[in-house]
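Here's a quick tour of a protein model, with a look at how some of its side chains pair up. Have the 3D view open as you read.

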Amino acid sequence: MKLIRKISFPVMPIYYAITSLRNKLYDLGLKKSTSYNMPVICVGNLSVGGTGKTPMIEYLITLLKADYKVATLSRGYKRKTKGFQLANEFSTAESIGDEPFQFYNKFKQAVLVAVDSDRRNGIEMLQKQNNPEVILLDDAFQHRKVKAGFNILLTTYANPYFKDVVLPSGNLREPRAGAKRANIIVVTKCPKELAENEKNKIIELISPMAHQHVFFSSISYANEVVSLETKIKIDDLSNFTLVTGIANASPLVHFLNDKNLNFEHLNFKDHHEFSQEDIAVLNKKACIITTEKDFMRLKQYESLKAKLFYLPITTVIDNNMEFNTLIKTFANS
């Protein structure tokens with residue numbers, strides 16, 4: 001991969017110029033961006049790969065669902081359907097995508113979960129059919145046809161956007177200057193005890209604008225794994241198979257290693273579509289631990305149900321009271 005990126009270095013200025021021009025046309029109003037007379041909150045990133053968008057959406061749902069009629073709107077990556085889809089009791093990971101299916105399974109009594117690759121159409125359909133009070137846009141920071149009223153930009157502690165370059169030599173979908181559109185910048189997947197002086201150094205490198213707020217978050221893992229029927233304490237696990245199909249499984253692997261657990265790791269690419277050959281391999285395993293997102297795809301297989309568990313995670317935000325106030329203040333606007 002490093003060799004390919006070095007070889008593709010001459011392409012990077014072209015990609016940079018194209019994405020910069022696109023943003024400039026939106027900034028100048030020469031390309032149309034639609035605003036809405038209701039609170040629309042966008043969660044996204046500048047880079048490809050996992051920055052923690054799904055846990056952040058879940059954090060926002062938990063924060064807002066008691067006081068507002070909340071809807072989530074995602075693209076529905078790798079789903080088998082087209083157009084606008086509103087999750088219901090017949091929905092599957094294949095029909096709406098694994099992450100929206102996860103939202104629906106966890107919050108179906110509290111929120112509306114919709115998918116549409118055309119976010120403008122998705123918002124219009126939600127307004128016509130369901131009249132939500134707040135819409136959460138999942139992974140839509142580059143979807144500039146929609147002008148969200150509030151933007152939350154995520155970047156990981158290990159690979160921050162300010163140390164990266166655009167594709168194909170780096171991981172950025174657009175130049176770093178795109179960060180100026182964010183109202184909040186969250187540095188995600190931080191170590192549990194991040195020193196204040198290191199936070200200050202990171203804030204200095206981010207160099208936030210006057211309207212921007214910077215927060216730091218970490219991943220909190222549950223102390224037990226969950227199946228469709230039961231739970232097992234992590235400390236009671238032994239000789240299991242860890243199955244991951246996410247962008248970066250390293251934090252999870254490190255967490256389990258720190259617990260001194262004995263496991264093998266089957267690491268698939270992000271949003272992996274499990275084949276019959278994959279399932280045949282998994283059928284031979286005695287106990288399978290996976291992520292909640294992968295669980296949404298694997299739980300459909302009857303042969304795996306009795307031995308398939310996922311490890312829940314939540315996002316923990318430093319200065320969460322300030323963060324929550326900013327979100328609720330916008331939701332009330």
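## Side chains that meet

The side chain of T54 touches the side chain of E99 in a polar contact of 3.5 Å (a pair of N or O atoms within 3.5 Å; within protein, one must be able to donate a hydrogen and the other to accept it, and residues adjacent in sequence count only if both atoms are side-chain atoms). This is a predicted model, where local features need pLDDT of at least 70, side-chain atom pairs count only at pLDDT 80 or more, and totals for chains, interfaces and linings use all residues. Residues are numbered from 1 along each chain as its sequence is written, and side-chain values use heavy atoms, with hydrogens and water left out.

T54 counts as buried because its relative accessibility is 12% (buried is under 20% relative accessible area, exposed over 50%, partly exposed in between, with a 1.4 Å probe and protein chains only).

Now for charges. Side chains of opposite charge can pair when their charged atoms come close. Across the whole structure, a search turns up 18 salt bridges (a side-chain nitrogen of Lys or Arg within 4 Å of a carboxyl oxygen of Asp or Glu). Here are some of them:

| Pair | N to O distance |
|---|---|
| D27 and R144 | 2.9 Å |
| E174 and R181 | 2.8 Å |
| D318 and K199 | 2.6 Å |

E174 and R181 are both buried. D318 is partly exposed at 29%, while K199 is buried at 10%.
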